[in-house]
Amino acid sequence: MSFLSGEHMTGGYGGGANILEDCTITVDRGEIAVVVGPNGAGKSTAMKAIFGMLDLREGCVRLDGEDITALSPQARVRKGMGFVPQTANVFTSMTVEENLEMGAFIRDDDISETMAQVFALFPILEEKRGQPAGELSGGQRQQVAIGRALMTRPQLLMLDEPTAGVSPIVMDELFDRII
Ligand SMILES: Nc1ncnc2c1ncn2[C@@H]1O[C@H](COP(=O)(O)OP(=O)(O)OP(=O)(O)O)[C@@H](O)[C@H]1O
Ligand SMILES: [Mg+2]
């Protein structure tokens, strides 16, 4: 059985038409899965469905064998999911460090070690830790967003277009760090 599976997911926004029609996605432990498709195909919608930001009309989501279809996004984070949305994925008026602290909102243990790991992964964030995230470049913001998601030490990390708007060199770097 796959670690994550979205099975026969069907649903859309509000009372509108179905955006997802019988969509099934599975990912195993240690696996990197990629969703490819043209603009408007429903890639972000499928991710939102897996993360619990879309009410499914049919289908279910399982994580590590457990049916989590009824859980809120925050409950899914507690189960080990991390999600970096395509847009609005940092708190622009908060500093880099505050963004990372927000990412760790469900933890009540010491987060300093995880923050040190994020800074080791993305050194620019340590340099800019006291600066509002809104003052960072696009590629640097994506690093904040991914770092923020890593703060809960997720078992499953979902990234929606993590390299959108970043230069090819930064893109290569980001993919290296992600791997
Ligand atoms: N919040 C929303 N409310 C209503 N419709 C939406 C909403 N978000 C997306 N849609 C619609 O759902 C469809 C799929 O959008 P989605 O964002 O999932 O596409 P995508 O594959 O991620 O595209 P892109 O490559 O541009 O990111 C589009 O027709 C879009 O208009
Ligand atoms: Mg999208």
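Two strands pair if DSSP finds at least two bridges between them. Helices (H or I, at least four residues) and strands (E, at least two) are DSSP runs, numbered from the N terminus. By that rule E3 and E4 pair, since two bridges join them, and they run antiparallel.

This is a predicted model: local features need pLDDT of at least 70, side-chain atom pairs count only at pLDDT 80 or more, and totals for chains, interfaces and linings use all residues. Residues are numbered from 1 along each chain as its sequence is written, while chains are lettered from A and ligands numbered from 1 in the order in which they are written.

**The sheet**

- Strands of a sheet pair through backbone hydrogen bonds, either parallel or antiparallel.
- Here four strands form an open sheet in the order E2-E1-E3-E4, with antiparallel pairing.
- Its edge strands are E2 (20-27) and E4 (66-67), and each pairs on one side only.
- Strand E1 (residues 4-11) pairs with E2 over five bridges, in the antiparallel sense. Met9 stands opposite Cys23 in E2.
- E1 also pairs with strand E3 (residues 58-63), again antiparallel and over five bridges. Gly6 faces Val61 in E3.
- Leu63 has Glu66 in E4 as its bridge partner.
- The hairpin of E3 and E4 has two residues between the strands, and Asp64 takes a positive phi near 50 degrees there.

**The two domains**

- The domain assignment gives domain 1 (1-75) and domain 2 (80-179). Such bounds come from an automatic or database domain assignment.
- Their centres, taken over C-alpha atoms, are 23 Å apart.
- Seven residues of domain 1 are in contact with seven residues of domain 2 (contact: C-beta atoms, placed from the backbone, lie within 7 Å).
- Helix H1 (residues 43-51) gives the largest share of the side of domain 1 that touches domain 2, with four residues.
- By class, that side of domain 1 has six nonpolar, one polar and no charged residues.
- Ala, Val, Leu, Ile, Met, Phe, Trp, Tyr, Cys and Pro count as nonpolar, Asp, Glu, Lys and Arg as charged, and the others, Gly among them, as polar.

**A helix pair**

- The axes of helix H3 (residues 96-103) and helix H6 (residues 138-150) come within 7 Å and cross at roughly 35 degrees. Axes are lines fitted to C-alpha atoms, for helices over the stretch in contact, and angles run from 0 to 180 degrees between N-to-C directions.
- H3 brings Val96, Asn99, Leu100, Met102 and Gly103 to the contact, and H6 brings Val144, Gly147, Arg148 and Ala149.
- This contact has five nonpolar, three polar and one charged residues.

**Around ligand 1**

- The residues around ligand 1 include Tyr13, Ile19, Lys43 and Gln86 (C-beta atom, placed from the backbone, within 6 Å).
- The shell has three nonpolar, seven polar and one charged residues.

Methods. Contact = placed C-beta atoms within 7 Å.
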